[in-house]
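This report goes through a protein chain residue by residue and space by space. Keep the structure in view while reading.

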Amino acid sequence: MSATAESRNSLRRSAPRTGIERRRLLISATGWVLCGVAFLLVAVPLIDLVGVVTVKGAMAFKPSLFINTTVGHNGGLLNAIIGTLVLSLGSLVFAVPVGVGAGMYLSEYGHGWLGAWIRFLSDTLTGVPSIVLGYFSYITLVIGLGWKFSAVAGSITLAIMIVPYIARITEDSLRRVANSMREAGYALGARDQTVAFRLVLSAGFPGVLTGILLALAISVGETAPLIYTAGWSTRIWQGNLTHEPIGYLTYAIWTFINDPSEHAHGLAFAAAPVVVMLVPGTRTGARGVLAGEPVSPGPVAGPVGSARG
């Protein structure tokens, strides 16, 4: 049998290829070449960007960057690092309850006109330029409420930006939870809030956490809305929520890279790797959490009303 199979394969290899076979091989080779070109178009700029930032940052790196504050075009970046953490974590304080709550509502009860409107407004808010949000917050918070440049104004602005991402990712994650889990909870006499928080949210928490981490990565890399709301300060944040400007890393990059001073360029190049490490590191952590998310057996969940019916 093996000899017969080998003889057939040898005959196929020795036989001339038909026109259809040659055309298929040509199409396949063209497809592979196009895929390789597309990969290079994405990978080469990314590798170049990371390489330049890493090399320039390593040349400008000094331990004093993490100890001293910015003094003109010299000093360190301690004030900017602390300010970035305060603004990003502060935005999560405002955005997570609203975003997760909206996502839970859309997943469990958002099958009517109100849910459709919330999705529409969420998608619309996602497409608003960040600098427009910063200008809106400048008028309403900085000037209208008299908060001046402050940490809370910047945090609220970032929260407005990232709420739609948290809400939609939360909705998608909770919809992946099997309907059988909801039905089991109701069969045991659990109330709506118990099923939503103790069962559905617990099962979909890895995906919810992914949305929160992605939102955090977005807030870390923003500059435009913070120029209008947080201002800039070379001092370490003193803990005042209002009437105190605050520093952040993206401002140091945006401002110092345009300054002719070599010391200013050094601060910009030193701040860039920190942001680059924070954003991809957060996204990598989010992907790792999402990759470890267990897939619930059973049909994909719909709104609670249909599950109970």
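The model is a predicted one. Lys 148 sits in the loop that joins helix 5 (130-144) to helix 6. Its phi angle is positive, about 60°, although Lys 148 is not a glycine.

His 243 also has a positive phi of about 60° and is not a glycine either. This residue is found in the loop between helix 10 (224-229) and helix 11. His 243 counts as exposed, because its relative accessibility of 52% is over the 50% limit.

Two further residues lie in helices. Thr 170 is part of helix 6, which covers residues 151-175. With a relative accessible area of 0%, Thr 170 is buried.

Val 220 belongs to helix 9. Val 220 is buried too, because its relative accessible area of 8% is under the 20% limit. Along the chain, Val 220 and Ser 88 are 132 residues apart, yet their C-alpha atoms are separated by 6.0 Å.

| Residue | Relative accessible area | Class |
|---|---|---|
| His 243 | 52% | exposed |
| Thr 170 | 0% | buried |
| Val 220 | 8% | buried |

Which residues line the second largest cavity? They are Thr 84, Leu 87, Ser 88, Ser 219, Val 220, Glu 222, Leu 226, Tyr 248, Leu 249 and Thr 250. Two or more lining residues come from each of helix 3 (78-108), helix 9 (205-220) and helix 11 (249-256). Helix 3 gives the most, with 3 residues. By class, this lining has 5 nonpolar, 4 polar and 1 charged residues. Val 220 and Ser 88, the pair described above, are both among the lining residues.

There is also an open space to describe. The largest pocket has a volume of about 260 Å³. Its lining is made up of 14 residues, and those nearest its centre are Ala 60, Glu 262, His 263, Gly 266 and Leu 267. Helix 2 (19-60), strand 2 (74-75) and helix 12 (262-291) each supply at least two residues of this lining. Helix 12 gives the most, with 6 residues. The lining of the largest pocket divides into 5 nonpolar, 6 polar and 3 charged residues.

Last, the chain as a whole. The protein chain contains 13 helices and 2 strands. Its length is 309 residues, and 38% of them count as buried. Among contacts with a separation of 6 or more, 76% are made by residues 24 or more positions apart. The accessible surface of the chain is about 17,300 Å², and carbon and sulfur atoms account for 69% of that surface.

Technical notes: Residues are numbered from 1 along each chain as its sequence is written. This is a predicted model: local features need pLDDT of at least 70, side-chain atom pairs count only at pLDDT 80 or more; totals for chains, interfaces and linings use all residues. Side-chain values use heavy atoms; hydrogens and water are left out. Helices (H or I, at least four residues) and strands (E, at least two) are DSSP runs, numbered from the N terminus. Buried means under 20% relative accessible area, exposed over 50%, partly exposed in between (1.4 Å probe, protein chains only). Contact means heavy atoms within 4.5 Å. Accessible areas come from the Shrake-Rupley method with a 1.4 Å probe; for residues, only the protein chains shown count as cover. On a 1 Å grid over the protein atoms alone, a cavity is a set of points where a 1.4 Å probe fits but cannot get out, and a pocket is an open set with protein on both sides within 12 Å along at least five of seven lines; lining residues have an atom within 4 Å of a point. Grid points are joined across faces, edges and corners, and a volume is the space filled by probe spheres set on the points. Ala, Val, Leu, Ile, Met, Phe, Trp, Tyr, Cys and Pro count as nonpolar, Asp, Glu, Lys and Arg as charged, and the others, Gly among them, as polar.
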